[in-house]
Amino acid sequence: MCGITGIFNIYEDRKIPLDTLRGMAAVIRHRGPDGFGFYADKRAGLAHARLSIIDLSGGWQPIHNEDKKVWIIFNGEIFNYIELTEDLIKKGHRFYTKSDTETIVHLYEEYGIDCLKHLNGQFAFAIWDKNKDTFFIARDRAGIRPLFYTLTDGALIFASEIKSLFLDSRVRRELDPHALDQIFTFWMPLPPRTVFKNIHELPAGHFMTVAKGQVKKERYWDPDFTPETHIKTEEEYAGQLRELLIDATRLQLRADVSVGAYLSGGIDSSVITTLIKNFTDNPLRTFSVAFHDKEYDESVYQREMVEYLGTDHSYIKCTYSDIGRVFPDVIWHTETPILRTAPAPLYLLSKLVRESGYKVVLTGEGSDEILAGYDIFKEAKVRRFMQKFPASKIRPLILKRLYPYLDNSPTKALQYSEAFFNADTTAYPEKYYSHVPRWSTTAKIKLFYSDNIKAELKGYQNIDELSSLLRSDYDGFDHLSQAQYLEIKTLLSNYLLSSQGDRMAMGNSVEGRFPFLDHRVMEFCAKIPATLRMKTLTEKYILKESMKGLLPDSIIKRTKQPYRAPDSKSFFHDGKAEDYVEELLSESALKRFGYFDVNKTRRLFEKCRRGLALGFKDNMAFVGLLSTQLMNYYFIEHFQSHISHEIDNVKEQVTEVI
Amino acid sequence: MTTGQIQQTVKKFILENILFEDNEDVIKNDDSFLQKGIMDSTGVLELVRFIEEEYKISVDDEELIPENLDSVDNLAKFIKGKTG
């Protein structure tokens, strides 16, 4: 795991300033604290911050091919690199390291851009092919590892994190109101947008080439829920899913350092830890988050799994003030406004992992998307039922079953929740049916826009940009598959794997790995019939079947509790706000930054301060507004002073390869 | 306490705490909160907590129905009935 960054002159030879490259690597060195490497000629400058995991002594980057005409920088892991390397050696390639990075170079020489099809892994890389005068960047299928870029002044400037791009003085720092509008609806900017104007993300499953002055971007992978013509039996699906997950877990344990695992108490991480315990030789070391507040805490189930598996376990117990305290650091790493505090405890957890001497963890991320675990999928099914059978007597019973874990559940006042489930969804096209209640609730945050932002967004319809992300055959998918596909295309890569995943782990130099996101597992699950992914209202039915006999019944039968953390409560203690919250939501800061209406925001602040904000709507608004203010503070107003100490410290640590 | 006073008080609460608004014209006394999207189910719980404290009354679960709570008019009638 690492950080990569660089500059490519698209049209002509020009000097690449080394100081700029050094700074670009320095600000992301939390991703790679073990050292730096650089390459520069007159077309391309490549920089790499390294976290050593495979080939500890020999894996320094940039890495090149036999005649030094092809150079690469790479962030991530290629899990099948051993098999690929054997094959490439047979084909005559000569390796000078034992790293998976070099495997990609030779694979690219052998297959060109099609090398992507052979890779099983989580990756973002850049290849400079001097022979073909082609610059090639690519990102893994699910979007686990990040890659951002901008095109300016005849250059492609790219990096694992956006802050790195801002070290090149040609790149402007400005928040994009259209992206804010997307975040305050979908929870994240729709790729390729980021919250910054003119800064793009290379979307999951995409690559880009720059050759002879032409920039070309293409999708090479996308989840496909088209049903198979030959439907297997339930037992066959369950058995094959188990075998695939065992193989994915085995492959992802490949590393030259110790590998740990997260244990949340839910079924997904229980599956992964159980597979490690039963089917591999890896000693099981586990980590978890517990909460003081019982509404969020799952430690009863965590302890049950710890005892069941006999693992060596550590945990952090997270308080409200812990979350409030680290939240500014969290936003420095997410580089985007967020609507929930849920990433903060994971940031604290990765710190514990690192301090325990581990730098790689396996987690259960991805299972809910590919195997239909989320409430939003159930809600959509219930809403369709309600609308089809308005007189059915079992309606109240179904509603009560939906959210047993929430203190302030929307089902408490039954007639009102019926109204929620009967909500008019015609404001959006039918194909987005599953997600409309979430988007409508979230969009209430727009109430807080300042007049300036409202004026700038006049006539803008953010939903129009969503359809361009979807497969052309999306309309033909069944309802559940449409909902899962939407979830994968929006929240998975751009919130869970980034704000809550990569950025929180890498903030403490820890790499997450996700067996459920092995592309073979994802492709297999997309072909399992929808009725087996969710049977009536049983989420992840086929996964539970596949794990029978391996997991305790109480874990399998447990109703899913989504991972959440306390929101607005985390920022006030005894009726007093954290200092930075007071400052950033003050009248003067609100006016200076100009995004939000002062009076309305102050009222929300006051409501939260008095502990009266109970619902999702107010809490999402509060976290969304505060994190936007933090973004402006760190990235627009105080960027130079915030990064200066990081740049100063780097000079003596440089390992140059030029 | 007149019905008019109750109407004023609950309206002010909704404006300031649910809608974060200054402009009184955004709710009319007979607007349905549900139909106008003024309040969701959590808003209802907040509203109930407020009227319980403000008027020293207790609202039962069975009373959480739109006939009692779904407009400024309905609320005033309901509170008036409870405080008698």
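## Buried and exposed

A residue is called buried when its relative accessible area is under 20%, exposed when that area is over 50%, and partly exposed in between, using a 1.4 Å probe and protein chains only. By this rule, 64% of the 658 residues of chain A count as buried.

The model shown here is predicted, so local features need pLDDT of at least 70 and side-chain atom pairs count only at pLDDT 80 or more, while totals for chains, interfaces and linings use all residues. Residues are numbered from 1 along each chain as its sequence is written, chains are lettered from A and ligands numbered from 1 in the order in which they are written, and side-chain values use heavy atoms, with hydrogens and water left out.

## The overall build of chain A

Chain A has 29 helices and 19 strands. These are DSSP runs numbered from the N terminus: helices are H or I with at least four residues, and strands are E with at least two.

Along the principal axes, the C-alpha atoms of chain A fill a box of roughly 75 × 60 × 45 Å. Contact means heavy atoms within 4.5 Å. Among the contacts in chain A with a separation of 6 or more, 74% join residues 24 or more positions apart.

## Cysteines without a bridge

How many disulfides does the structure hold over all chains? There are zero, where a disulfide is a pair of cysteine sulfur atoms within 2.5 Å. For A:C2, the nearest cysteine sulfur is that of A:C115, 18 Å away. A:C2 is buried at 5% relative accessible area, and A:C115 is buried too, at 0%.

## A closer look at A:T209

A:T209 belongs to strand β11 of chain A, which covers residues 206-211. With 8% relative accessibility, A:T209 counts as buried. Leaving aside neighbours within four places in sequence, the contacts of A:T209 include A:I113, A:F135 and A:V215.

## Backbone details in the loops

Two peptide bonds deserve a look. The one from A:Q61 to A:P62 is cis, with omega near 0°, and A:P62 is in the loop between β3 (44-50) and β4 (63-64). The bond from A:P191 to A:P192 is also cis, with omega near 5°; A:P192 lies in the loop between α6 (177-186) and β10 (200-201).

A:D574 is not a glycine, yet has a positive phi of about 50°. Is A:D574 buried or exposed? A:D574 is exposed, with a relative accessible area of 84%. In chain B, B:K56 also has a positive phi of about 50° without being a glycine, and B:K56 is exposed at 71%.
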